[in-house]
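Please look over the model shown here before reading the notes on it.

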Amino acid sequence: MNNTPLVRLTDKGLFCEAGGFYVDPSKSVDKALITHAHSDHARPGSKSYLTVKQGGLLLKHRLGRRINIETINYNQEISLDGVKVSFHPAGHILGSSQIRIEYKGEVWVISGDYKIEEDFTCEKFAPVKCHTFITESTFGLPIYKWAEQKELFNEINSWWKRNKEAGITSIIFSYALGKSQRVIAGLDESIGPIYTHPAVEDINVCYRESGIKLSATKNLNEFIDEYHSPGAMVIAPPSTDFSQWANKFHFYSSAFVSGWMLIRKNRKRTSFDRGFPLSDHADWEGLLQGVKHSEADRILVTHGFSSPFVKWLREEGINAEVLQ
Ligand SMILES: [Zn+2]
């Protein structure tokens, strides 16, 4: 009897030997199946890439126009060396997928990054039943519980409004791919104009070309010397040299939008005036829902607080292991 698991972790990442492919490989491989275009999942150098249609433009934007890429629809089943493969919405960012792998009656699902909550800039998470579920655990501790996004957007818009009344610019720092577009989609355009750092605007273009409706934005040249637009909202990636770039706006208030702000927002150590804990990952309850809805016999946990999450699952009688 062959005891090789259908999917195993190798030095190049998750490998399905029977199908001859890797999922989100960390190094160059012949065939890479990509759950989504974030840089810790989509890396350059592989001979061929497979992802969903909604993620194709983003992958090309990230890895270069000349990559050898094939795209398929969500829920479309294909065969790779006799292994059935399909992609299903993960609700994380545009084009994010869980990958279902079936061979000789055994089904595995690799979640990639996911969130359960609805997001108007991507397809909603769709549970997929399987025997083995490989789940992320970025926020796999009970302290991580997200507020309703409606409440958070109200807070963000009120903060912007108050800044406008005070005659200052609001600057939101958020990841260029996914989070920034979600923020833009939730902003109240009636408050004022929305400007974007070019790194964010490039991704906005991909989103709009993929049919996602975003509020109107204007690209801000990153080489501007100074900028006066009291009352405007500016969206920039956190990698932008915060103080140097932000100082071009003279009078501003800054905020960082990230799930990590849930525990940091009240600390004085953060260099931002505000923190809004909006995340594109499942919170603790979301992870538990992901596990439950998979109806899997076995849970393999990766990416994040894997050990405490596995410990908790085991105490609940669930067969779980850390995927080392
Ligand atoms: Zn991601």
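The report below covers a metal site and then a pair of helices.

## Basis of the model

This is a predicted model, in which local features need pLDDT of at least 70 and side-chain atom pairs count only at pLDDT 80 or more, while totals for chains, interfaces and linings use all residues. Residues are numbered from 1 along each chain as its sequence is written, and side-chain values use heavy atoms, with hydrogens and water left out.

## The zinc site

The zinc ion has as its protein donors H36 (NE2), H38 (ND1), H92 (NE2) and D113 (OD), at 2.2 to 2.3 Å; donors are N, O and S atoms within 2.8 Å of the metal (3.2 Å for Na, K and Ca), and sites may look incomplete since water is not among the atoms. Along the sequence, the spacing of these donor residues is H-x1-H-x53-H-x20-D.

H38, in the loop between β4 (31-33) and β5 (48-52), and H92, in the loop between β8 (83-89) and β9 (97-103), lie 54 residues apart, and the pair links distant parts of the chain; strands are DSSP runs (E, at least two residues) numbered from the N terminus. H38 is buried at 16% relative accessibility, and H92 is buried at 1%, where buried means under 20% relative accessible area (1.4 Å probe, protein chains only).

## Packing of α3 and α4

Helix α3 (residues 179-186) packs against helix α4 (residues 198-209) at an angle of about 75°, their axes being 9 Å apart, and the two are therefore roughly perpendicular, a term for angles of 65 to 115 degrees. Helices are DSSP runs (H or I, at least four residues), and axes are lines fitted to C-alpha atoms over the stretch in contact, with angles running from 0 to 180 degrees between N-to-C directions.

In the contact (heavy atoms within 4.5 Å), S180, Q181 and I184 of α3 meet V200, I203, N204 and Y207 of α4.

Key:
Buried < 20%, exposed > 50% of the residue type's maximum accessible area, 1.4 Å probe, protein only. Parallel < 35°, antiparallel > 145°, perpendicular 65-115°, else oblique.
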